[in-house]
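Please open the structure in your viewer and keep the selection tool at hand.

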Amino acid sequence: MSRAKCIMVQGTMSGAGKSLLCTALCRIFAQDGYRVAPFKSQNMALNSFVTRDGLEMGRAQVVQAQAAGMEPDVRMNPILLKPSSDVGSQVIVNGEVRGQMPAAAYFKLKKSLIPDILAAYDSLAEEVDIIVIEGAGSPAEINLKADDIVNMGLAELVDAPVLLAGDIDRGGVFAQLYGTVELLEPAERARIKGLIINKFRGDAAILKPGLTMLEEKTHLPVLGVVPYLRVDIEDEDSLSSRLESSTAVKPLDAAILRLPHISNFTDFMPLEQHPLLSVRYVQSPRQLGAPDVVILPGTKNTIDDLLWLRQCGLEATVQKLATSGTPVLGVCGGYQMLGETLADPEGTESGRSQTVRGLGLLPIQTVFTDAKHRTQDTATVTAPQLAGAVLTGYQIHTGRTAVQGVPFCRLADGSAEGCVKDNVAGTYLHGLFDTGELTEKLVQLLCSRKDISPASAPLLSMAEYRQQQFDLLADGVRRALDMNALYAAMGLEGRNTV
């Protein structure tokens, strides 16, 4: 196989829609018969995933791989930064933790990671026809350009043609695009093959005078105006609008605690699809109110977020709800918080040696170590009232938890996982609702508590639902873009088989 062609999507800012555009292109090229892989040299996110071989990568490239019909592979995201504070992150290279670093230390290191980036990219390029590359932030962040390994710096390394996308929904899109182009060096501008106006609402004809002027000023073609597409595809965690939902509008109210360092909240996307369930994120006792179920999600900083729960009053409120019989579920870090103690003897989780008490709702004790547990798992729930639900998911955590109580589920090898006590349950399994079976069991339990008849319509599994949403996204983007020009930028002829 010859070396893959590539196309890179850069944006005028974070949140311009790069990830979704890349997801759409992965799907479109796959529909057109190409073997496609996504690639992002450096991703910063708290939503991560464990590959089949037990390595960690960002979920944005996992979603893009799923859209392309590919098995997620850590080569698609060789560097992952998981923020642990305003000025520091856990640095993961090729799926393995390299260490906890302040920003200044990482900036000194990152150019030395170019061989890792190129090795991952070159390996993928030998196996696929097209690589869809996602940039990060903006290529016009002139204070960062000297050490850039994710925007124009990467484009030069792999000789990638570039599409530049601006977000019209935030306003000022013409200034975004023109200003970005003007701040680039001539060689960088020459890489841009076209501009994209993203997230447009209304009649595109109104934009024509502005598009004409933009083309005249930048000497670059506008390859499309992509409408604001109402598709349900996982978001980048830091900018997700999902976390803004705080009002219950359906008969059943699922309240998820919006922890300061919340991670992998995509675990709960399947719950949003149920016709009887409202899913909302809360940050105070007043917002929490009296929901039908309380969920403590994963977090990058378990002890810090536990102390935040304590300080803001949510801990006492959750304890009171649990005592009154309200179902409470903890996932990963949320599971650890539900226990009796959380010990960090070496300061690997919280930065200093300490032991703190948990919420005391489950008979478990967690000790944090340097070692990270990363596995893909299948399991069957054994917890009363939820028993029989088959789960597929993954574990990614640093704590080791001793359980004195009843397990939440059994893994495929028969080993116990998680814990349940009365109406409180916890598990390390991310993706626990993806099959739909646990969602149905949970809804049945909540309906029986409120004397509501469960919905009879069968639910799609999350995998099937994602595929539907990928197709909707691809259809909308294909209609909006000049695909022939995009293929030509890569030196390919469009197949347009769909």
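This is a predicted model: local features need pLDDT of at least 70, side-chain atom pairs count only at pLDDT 80 or more; totals for chains, interfaces and linings use all residues.

Residues are numbered from 1 along each chain as its sequence is written, and side-chain values use heavy atoms, with hydrogens and water left out.

**The sheet**

Select the strands β3, β6, β7 and β8, which form an open sheet in the order β3-β6-β7-β8 with mixed pairing. Strands here are DSSP runs of E with at least two residues, helices are runs of H or I with at least four, and both are numbered from the N terminus; two strands pair if DSSP finds at least two bridges between them. At the edges stand β3 (42-44) and β8 (96-102), and because each has a single partner strand, one side of each is left without a neighbour in the sheet.

Next, select residues 79-85 and 88-93, which are β6 and β7, and follow their antiparallel pairing over six bridges.

**Two crossing helices**

Now select α2 (residues 59-68) and α15 (residues 462-480), whose axes come within 10 Å and cross at roughly 80 degrees. The axes are lines fitted to C-alpha atoms, for helices over the stretch in contact, and angles run from 0 to 180 degrees between N-to-C directions. This makes α2 roughly perpendicular to α15, a term that covers 65 to 115 degrees. The contact (heavy atoms within 4.5 Å) is made by Arg 59, Val 63, Gln 66 and Ala 67 of α2 together with Arg 466, Gln 467 and Phe 470 of α15.

**The annotated residues**

Finally, select Cys 332 and His 430, which the UniProt annotation "active site" covers in an unreviewed entry; such annotations may be inferred rather than shown by experiment. Although they are spread over 99 residues of sequence, they cluster in space, with a largest C-alpha distance of 7.4 Å.

Is Cys 332 buried or exposed? Cys 332, in the loop between β18 (328-331) and α13 (333-337), has a relative accessible area of 7% and is therefore buried, a word used for values under 20% with a 1.4 Å probe and protein chains only. His 430 lies in the loop between β26 (424-427) and α14 (437-450), and His 430 is also buried, at 2%. Leaving aside neighbours within four places in sequence, the contacts of His 430 include Asn 264, Asp 267 and Cys 332.

Key. Angles under 35 degrees count as roughly parallel, over 145 as roughly antiparallel, 65 to 115 as roughly perpendicular and the rest as oblique. Buried means under 20% relative accessible area, exposed over 50%, partly exposed in between (1.4 Å probe, protein chains only).
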